[in-house]
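Let's take a walk through this fold, starting with its open space and ending with a sheet and the helices beside it. Have the sequence and the model side by side as you read.

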Amino acid sequence: MPISGEVVPATLADWVQAHDVDRMTRYRELLDFYEGRQWDRRRRAGETQLTINYARALVRKAASYVFPEPVVFTVPPVDGVSPEQARRAETALNDLAAEQDLHGLDTQTLIDASVLGDGAFKVTWDRDAGRPLVVSVDPATLWAWSAPDNVRAVRRVVQLYTLPAEEASDLFGVDVGAGPGAVRVVEDWTAERVRFEVAGVIVRDEPNPYGWIPYVIFPNIAKPHSLWGESDLADLLDVCRELNRRMTVISRILQVSGNPIVVLENVTGSDGIRADEGAVWELPEDSKAYLLDMLSGGGVRLHIDYVELLYRALYDLAETPRSAFGDSGRNLSGTALEVEIQPLVQKVQRKRRVWDSVYRRRNRMLLDLMERFGGMDFGGVRRTGVIWGPILPSDREALVRSETALVHAGIHSRRTAMTLLGDAEPDAEWSRVLEEREALGEEGAALTP
C-alpha cells in the first residue's frame, strides 16, 4: 500500500520486502537461537563451545502441556439454529480436524509461534477435495495492515513465497520462463479483492470469492498496540548464552585436569620432560617439578554454584519449574507438586486463551466455507467453543467427580458432562450407553438421577 510520494519498486514483491525489515531480522535471529546457533562469536580452531539448548527444550515442554491431547470443538445452540444443525456443524468440525490432523498442525504452529512470537493459518476451499483446507503459514512470509484504531482488525494481508518455475506455471497457467529456478509469488488479499503476482507479473486480479481475508494471524504474547507478538525466548537469550559460557568454562577446566599441566621451577629448559606413565626426569639441583591441580581450592565449586543460579533464573523466566521435567529433587505430595508447578499452569492457561480466539476465528471460516461451497446446512451457525484436555492428570479426576455430582444434582445433563470430559460425540456415546443398559435388562427409570 504505497504512501503518497513514496518511490514504488517495479514489483509488489520488491515493495513488501522493503517493509517490516526489523521483524524479519528478529525472526531469523530467534530461529537461529532455537536451532542451537547461540554463540555470538565464531569458534576458534580447537576451542570448545558447548551449547546447552534449553531454548528448544523449554518451548517443546510448554507445547506438550498446552496440547496434551487433541481439543474437541462444540457448537452451542443459538436462536434460529436447530439442535440437529448445531450437532451437524460440531461433527463436521471435529471430523475435519481428525482428517487433516489439525492437532499435529496446531502443535507445530504453537512451537513456531512460541519461537518467533507470531503464528498464522490460512483457510481456503480445496476444489479438488471438495472441503476446506487449513495450512500453517510462516509469519516471515506475511505482511499485514490493520485499522488505525484497532490493531486486531486486519484490512490487508500480503504473502510472499517462492515456487519452482515449472510448478508456478502449472499452478497459475502462465509462462514464467524455462529453467529450474524459483520464482516469487505474491498473494495480496483484502476483504473485497485478491491479486496474484508471479515473477513480477499480475496474473490474477479479481473479487475475493470468500468475502473475508483467509488468514488467521495471532501473537504468541500480545504486545500493546501491535498486531505482532513477542517470543517466549525474549527473556531467555542472555541467560542461555551465559549458561553456555559457564558450562564451557567447567568443561575446559575438567579437560585440563584430565591432561595435567607440568610446572617446572628453576629449570631453564624442558626438553625430555613429559608427564608420561613411567617417565623418569633428571632435574638440576634446587629445582622441582609438579602437576598443576586445577581442582584444588574449590574453584570449580564456585562455577557450579553459579550455574545453579543460572538454572534457577532460567526456570523462573520460562515459568517452567524443574518439576515439569519429572524431577523436583524432593518428595512432594500431589497438592504440593501442583502448587510448585502452578507457574507453568498459569502460562499454559494464557496460551490457551490466545488459542481460544484462534479457534473461534478459524472455525468461523471453516463453517462458512462448508456451507457456501460444500452445500452443508448448519443454519448459519458460526459460534463455537473449545474443550481442552486437562493440564495435569489430577485435573481430570477432579472434573469427573465434579460432573458426576452436577449430573446427580440435576444441574448438568449427561451430554454436557460428556462434552466437558472431552467426548467428541456425546450423543452417539449416550446411545451406546442406553443400548448396553437395554441389553442388560435394566429399567429405563434407573437411568434418571
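Start with what surrounds the largest pocket: its lining splits into 13 nonpolar residues, one polar and eight charged. (Ala, Val, Leu, Ile, Met, Phe, Trp, Tyr, Cys and Pro count as nonpolar, Asp, Glu, Lys and Arg as charged, and the others, Gly among them, as polar.) Before going on, keep in mind that this is a predicted model, where local features need pLDDT of at least 70 and side-chain atom pairs count only at pLDDT 80 or more, while totals for chains, interfaces and linings use all residues. Residues are numbered from 1 along each chain as its sequence is written, and side-chain values use heavy atoms, with hydrogens and water left out.

The largest pocket holds about 840 Å³ of space. Its lining has 22 residues, and Thr 124, Trp 125, Phe 196, Arg 204 and Tyr 210 are the ones nearest the centre. Among the elements giving two or more residues to this lining are strand E2 (118-126), strand E3 (131-136) and helix H6 (165-172); E2 gives the most, four residues. Here helices (H or I, at least four residues) and strands (E, at least two) are DSSP runs, numbered from the N terminus. On a 1 Å grid over the protein atoms alone, a pocket is an open set of points with protein on both sides within 12 Å along at least five of seven lines, whereas a cavity is a set where a 1.4 Å probe fits but cannot get out; lining residues have an atom within 4 Å of a point. Grid points are joined across faces, edges and corners, and a volume is the space filled by probe spheres set on the points.

Now to the sheet. E3, E2 and E9 form an open sheet in the order E3-E2-E9, paired antiparallel (two strands pair if DSSP finds at least two bridges between them). E3 and E9 are the edge strands. Five bridges join E2 to E9, and Ala 120 sits opposite Ile 217 in E9.

Helix H5 packs on this sheet, touching E2, E3 and E9, with its direction at about 145 degrees to that of E2. H10 also touches E2, E3 and E9, its direction making about 175 degrees with that of E9. Contact means heavy atoms within 4.5 Å; axes are lines fitted to C-alpha atoms, for helices over the stretch in contact, and angles run from 0 to 180 degrees between N-to-C directions.

Finally, H5, E9 and H10 each give two or more residues to the lining of the largest cavity, which has a volume of about 40 Å³.
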